[in-house]
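Please look over the assembly shown below before reading on. The report that accompanies it goes from the overall picture to individual residues.

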Amino acid sequence: MNLTLKVWRQANADAKGKMETYQMSEVSPDMSFLEMMDVLNEELIEKGIDPVAFDHDCREGICGMCSMFINGEAHGPDRLITTCQLHMRKFKDGDTITIEPFRAKAFPVIKDLTVDRSSFDRIQQAGGFVSVNTSGNTQDANAIPIDKHDADKAFDAATCIGCGACVATCKNASAMLFVSAKVSQYALLPQGKVEATDRVLNMVNQMDEEGFGNCTNTGACEVECPKGISLENIARMNREYLYASLKG
Amino acid sequence: MALDSKIPKGPLTDKWTQHKSNINLVSPANKRLIDVIVVGTGLAGASASATLAELGYNVKTFCFQDSPRRAHSIAAQGGINAAKNYQGDGDSTYRLFYDTIKGGDYRSREANVHRLAEVSTNIIDQCVAQGVPFARDYGGLLDNRSFGGVLVSRTFYAKGQTGQQLLLGAYSAMNRQIGRGKIKMYNRHEMMDLVLVDGKARGIIARNLVNGKLERHSAHAVVIASGGYGNVFFLSTNAMGSNVSAAWKIHKKGAHFANPCFTQIHPTCIPVSGEHQSKLTLMSESLRNDGRIWVPKKLDDVKAIREGKLKPTEIAEEDRDYYLERRYPAFGNLVPRDVASRAAKERCDEGYGVNKTGEAVYLDFAASIERYGKEQAHVKGLDENDAALVKKLGQDVVRAKYGNLFQMYEKIVDQNPYETPMMIYPAVHYTMGGVWVDYNLMTSIPGCYAIGEANFSDHGANRLGASALMQGLADGYFVLPYTIGDYLAEDIRAGTIDTDLPEFEKAEASVKAQLDAFVNNKGTHTVDYYHKILGKIMWDKCGMSRNIKGLKEAITEIKALREDFYKNVKVPGTTSEFNPELAKAARVADFLELGELFAKDALERNESCGGHFREESQTPEGEALRDDENFTFVSAWEYKGEPSKAKLHKEQLDYEEIEVKTRSYK
């Protein structure tokens, strides 16, 4: 396949960025999108041009590090996958592909397609945990049976990979889906109930401080989420938040 | 320096308890005066950071990724072992200990492995208390499944994302301590060197990957939790950034490197599709619970499949060779990984590989889908003879168990594994070898520790499935936090270590010189060019099957490649910016040294054991043949200027509790 790539280039956080155009030839449909980017970078280095900086690590869709906005969609045109699992067979010979970073006020660009998502870490640090010491002297794991239905729902919420596709997709750059996934995981489990009030207040407060926008229920985040995290979680967090505010 | 493994005296079952009672402690007031550096935030690094901080130490933790949650433990799929015996199927601490020693082909330390089996149950309790959502049955209790090389169901899991859930659990424990200010987290920082002061580990030189600045960080102890070195093969199931550098830097500063040739080649990975391939993807071993592995019996069928004229589903049952069930009736598809990998290679070498490259075998779920479907139809009172209904019900069960793995397979290969068998082939997955540590997990450098996959300690020559997660969390949550106190108890008056010391200055200058040399080299070939050649040498000559000729060639070729790399590598950009190519160059430079030591170690070990198969040492049936008389030891290599000059130290392995036998899974 022959492709035209339009790629966002920005030297550093303070520099002004712009789109650059590159031609690619002999792209195999079996390549992953990032393997295609590897080939581009090899070619750029050989020509003496600075390669395109992009985040990636596991390349199997679970670490959450890759983060490209491809043809106007977080992680590109396929569903329920990250950029590293997108394959070139989703494109056609002669296509023009636009590649931009995940954009949000709370995700400043570091270079090219690489952004800083440490705001997500800070939200987790504000309350995304159960305050139990790692002594190993807790009670037996089977001491509290947990309804399978709840356990499965908690698991589904816990599969969030923290990539930020929800934020990049949302017109308000809201992080509600990300935050609600963690709040829901613990809200559904007895272990998390003890601190539920503080958790939701602290995490939402941190989310606001980081400069993420408000949720207006468009549901775009759910569509683009590579792990299919459900909007139900946002509804659950809103209930948790309301309850915590009244109680607080 | 003589190797002292510091294994406590006394009966095996009492060693750890006794040791914990006897070692030195640091008082809570003094812990506040002590700094510990942890490099890496996988299961081992994150759990160690959290626990050390909880105990009261000042912890500084480093990861090269943009967040500690990205560490590659996140990608572990199948599960974590623990001797809970919730299934009542005869499991016990002793049996987990025994299976691990046997699975490791009698090349690991009894005392370490027994301790691992002892603390395994605490891990599950701990993780559940933290809110890790393990799979549960309808009664609300924890579910288990079985893994290779064992006859009990002791594996706890969270669908095919167990590593993710455990890592996020450890990450949450870390976050709590970061929030409290007890851990200072350095994202996008890479450890470039270890700093020794008066022979003790006293800090590191780190590079801020965002702006390229070199930073000096001091501490009273340094913990390396940087994972394994499978990426020396270029293609592996490791993450793209996984590297040996932290472990290799401490090796060059005096830490012995143990059993570098002990590599796990995992039997069930998605086969290579082409030249552009950047990494390989694992399909969890848990799939072997329900998948049957086969190739056609007739070479004509193989040919027709490769030409696209025949579909695997069209091959009759009697024309299929379920070669694992045929060769190993007792364990069948659940033989250990090394055995399964070699058996796949044997069939493919004989010409039975089922894809274009001839390097793939089938992993087939049709039988399980039918079995589960009938079971469900029976439970629901539906027609068990309705084939379409049974298939649908069966697929639903398989989807609930392995849905994410099947989806991943379909996205990569573009085939639907619910309808047609998966194609799989072995790939490099895990390294049992690593930094040599004593019973306290301290390396041969005082104050420098290695935990998790980065050390060599518990898996011998082959790791059993679902034991990597167990070891990472055992080391980090429950072992290191105790043993490190024994060393630090003598350091309570040391005060803060000054980073202006000449040792820091010197280490920083040498790092700077290496990085400057890379960007000023203006060579002709990219870093990946060299990494790919190295990977090919390693796979062809140090892979699933090794011989004297190939290993000698590998040593010569890697040395020549390394020299060419320093002369001709081209690294774009500068040292003072976000420059992923520069980071990669520094990592590949270390792989080019490790690779040579790897081959040297494989050459030295003239026996077959676990994942290390020497063609010169096999039975007439082609099974691995150990040489216990001459090789019941750990190879610990001391750095002497370059890999070819490394000096071998042998730690003899004494088996007091277990009778050393030929491993049989027949």
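Predicted model: local features only at pLDDT ≥ 70, side-chain atom pairs only at ≥ 80, totals over all residues.

## Chain A

Chain A contains nine helices and seven strands, and its C-alpha atoms occupy a box of roughly 60 × 35 × 35 Å when the box is laid along the principal axes. Of its 248 residues, 52% count as buried. When contacts in chain A are limited to those between residues at least 6 apart in sequence, 70% of them join residues that are at least 24 apart.

Helix 2 of chain A, which spans residues 118-127, is mostly covered, with eight of its ten residues buried. These buried residues are S119(A), F120(A), D121(A), I123(A), Q124(A), Q125(A), A126(A) and G127(A). They pack against helix 5 (176-187) and helix 7 (196-209) of chain A, and also against helix 6 of chain B.

## Contact between the chains

On the side of chain B, 67 residues are in contact with 67 residues of chain A. Several helices of chain B each supply at least two residues to the side that touches chain A, namely helix 3 (43-55), helix 5 (110-129), helix 6 (162-179), helix 12 (387-413), helix 13 (468-488) and helix 17 (580-604). Helix 6 of chain B gives the most to this side, with nine residues. By class, the residues on the side of chain B that touches chain A divide into 24 nonpolar, 27 polar and 16 charged.

## The largest nonpolar core

The largest nonpolar core comprises 286 residues, and those with the most contacts inside it are V167(A), V223(B), I224(B), V435(B) and Y449(B). Helix 17 of chain B gives the most to this core, with 13 residues.

The surroundings of V167(A) can be listed individually. With its neighbours within four places in sequence left aside, V167(A) is in contact with F102(A), A104(A), F107(A), A173(A), S174(A), A175(A), F178(A) and F212(A).

## Domains of chain B

The domain assignment of chain B gives domain 1 as residues 31-264 + 429-491, domain 2 as 267-428 and domain 3 as 501-624. The centres of domain 1 and domain 2 of chain B, taken over C-alpha atoms, are separated by 32 Å. Between these two domains of chain B, 25 residues of domain 1 are in contact with 25 residues of domain 2, and the side of domain 1 that touches domain 2 has six nonpolar, 17 polar and two charged residues.

## A three-stranded sheet in chain B

In chain B, an open sheet of three strands has the order 6-7-8 with antiparallel pairing. Its edge strands are strand 6 (189-197) and strand 8 (214-218) of chain B, each of which pairs on one side only. On average, and with direction ignored, neighbouring strands of this sheet are turned by 25 degrees against each other.

Strand 6 of chain B is joined by eight bridges to strand 7 (residues 200-208) of chain B, and the two run antiparallel; M191(B) stands opposite A206(B) in strand 7 of chain B. Helix 14 (residues 502-520) of chain B packs on the sheet and touches strand 6, strand 7 and strand 8 of chain B, its direction making about 140 degrees with that of strand 6 of chain B.

## Individual residues of chain B

D198(B) has a positive phi of about 50 degrees although it is not a glycine, and its place is in the loop between strand 6 and strand 7 of chain B. D198(B) counts as exposed because 8 other C-beta atoms lie within 10 Å, where 12 or fewer is the limit for that class. K6(B), also a residue other than glycine, has a positive phi near 55 degrees and is found in the segment before helix 1 (15-22) of chain B. With 14 C-beta neighbours inside 10 Å, K6(B) counts as partly exposed.

P580(B) and L209(B) are 371 residues apart in sequence, while their C-alpha atoms are 7.9 Å apart in space.

Definitions and conventions. Residues numbered from 1 in each chain as written. Chains lettered and ligands numbered in written order. Contact = placed C-beta atoms within 7 Å. Helix = DSSP H or I, 4+ residues; strand = E, 2+ residues; numbered from the N terminus. Nonpolar A, V, L, I, M, F, W, Y, C, P; charged D, E, K, R; others polar. Core = buried A, V, L, I, M, F, W, Y, C linked by C-beta atoms within 7 Å. Buried ≥ 20, exposed ≤ 12 C-beta atoms within 10 Å, placed from the backbone. Pairing = 2+ DSSP bridges. Axes fitted to C-alpha atoms, helices over the stretch in contact; angles between N-to-C directions. Domains from an automatic or database assignment.
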